[in-house]
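Thanks, everyone. I have one structure to walk through today. Please look at the screen.

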Amino acid sequence: MLEKTEQYREVTVKTEPIFQGKIISLQVDTIQLPNGGTATREIVRHPGAAAVLALIGDKMLVVEQYRKPMEKFQIEIPAGKLDAGEDPMAAAARELEEETGYKAGKLRPLSAFYTSPGFADEKLYVYLAEDLVKGESAPDEDEFLAVEAITFEQAQQYIREERISDAKTVLAVYAWQVYRLTGEI
């Protein structure tokens, strides 16, 4: 089946820019369907992001911050958007230090995935941070967060309580579980 998917490609006929913000843009594409008909696709363009699973002994570094789109506080692994032309690994190191004050002696790629491929092109890169050294945090001027190191059991409880409910942090907790069970990521 996979070798036949090219016949289902959607061809863009027209793009209408709707909104250009500081982080995202929104466009509506008119596309030609494989059967010859047309349809529209609402697409969010995003520069991408990087996130870090940072372990200190048997604890994971997280930040808690208010997330306006959800109207609630969230516990998440350190993360942030890529600056124009920025290497995802460099962004991961930068975000870890800005948000938590820790520097990673070593970063290893864990995964990369599209956050919502049905309507957005944001690709998120997740790294494992090793050999952490404590320093000074320097969050962005509009970023207010609390840093904490939590146990695996706390992370599981926070998932059940939906205090952790974003894909990158859930993925990080499950990667941590594999690491705890096998010693490998």
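Start with Arg67. In this predicted model, Arg67 is partly exposed, with a relative accessible area of 28%. Its partner is Glu76: the two form a salt bridge, with the closest N and O atoms 2.8 Å apart. Is Glu76 buried or exposed? Glu76 counts as buried, because its relative accessibility is 3%.

Glu76 has another salt bridge, to Lys168, again 2.8 Å from N to O. This pair ties together distant parts of the chain. Glu76 sits in strand S6, residues 72–76, and Lys168 in helix H3, 92 residues apart. Both of these residues are buried. Elsewhere, salt bridges with shared partners connect Lys81, Asp83, Glu86, Arg94, Glu95 and Glu98 in one network. A search of the whole structure gives 17 salt bridges.

Here is another of them. Asp121 and Arg45 meet at 3.2 Å, N to O. Asp121 is in the loop between strands S8 and S9, Arg45 is in strand S3, and 76 residues separate them. Asp121 is partly exposed at 26% relative accessible area. Arg45 is partly exposed too, at 33%.

Now a charge without a salt bridge. Asp29 lies in strand S2, residues 25–32. Which side chain of opposite charge is nearest to Asp29? That is Arg45, 4.6 Å away. A salt bridge needs a nitrogen within 4 Å of a carboxyl oxygen, so Asp29 is buried yet has none. Asp29 does make a polar contact of 3.0 Å with the side chain of Gln27. Further along the sequence, its contacts include Thr12, Lys14, Ala39 and Arg41.

On to the nonpolar side. In soluble globular proteins, nonpolar side chains tend to be buried together. Here the largest nonpolar core has 22 residues. Leu53, Met60, Ile150, Ala155 and Trp176 have the most contacts inside it. Strands S4, S5 and S9 and helices H2 and H3 each give two or more residues to this core. Beyond its sequence neighbours, Ala155 is in contact with Met60, Ile150, Ile164, Val173 and Trp176. Another core lies apart, with twelve residues, among them Ala50, Ala91, Leu107 and Tyr127.

Last, the overall picture. The protein has three helices and ten strands. Of its 185 residues, 35% count as buried. The C-alpha trace spans about 55 × 40 × 35 Å along its principal axes. An unreviewed UniProt entry annotates residues 44–179 as "domain: Nudix hydrolase". That stretch is 26% helix and 43% strand.

Key:
Residues numbered from 1 in each chain as written. Predicted model: local features only at pLDDT ≥ 70, side-chain atom pairs only at ≥ 80, totals over all residues. Heavy atoms only, no water. UniProt positions renumbered as here; feature names shortened; annotations may be inferred. Helix = DSSP H or I, 4+ residues; strand = E, 2+ residues; numbered from the N terminus. Core = buried A, V, L, I, M, F, W, Y, C linked by side-chain atoms within 4.5 Å. Buried < 20%, exposed > 50% of the residue type's maximum accessible area, 1.4 Å probe, protein only. Contact = heavy atoms within 4.5 Å. Lys, Arg positive; Asp, Glu negative; His and termini not counted. Polar contact = N/O pair within 3.5 Å; in protein donor to acceptor, adjacent residues only side chain to side chain. Lists of a residue's contacts leave out its neighbours within four places in sequence.
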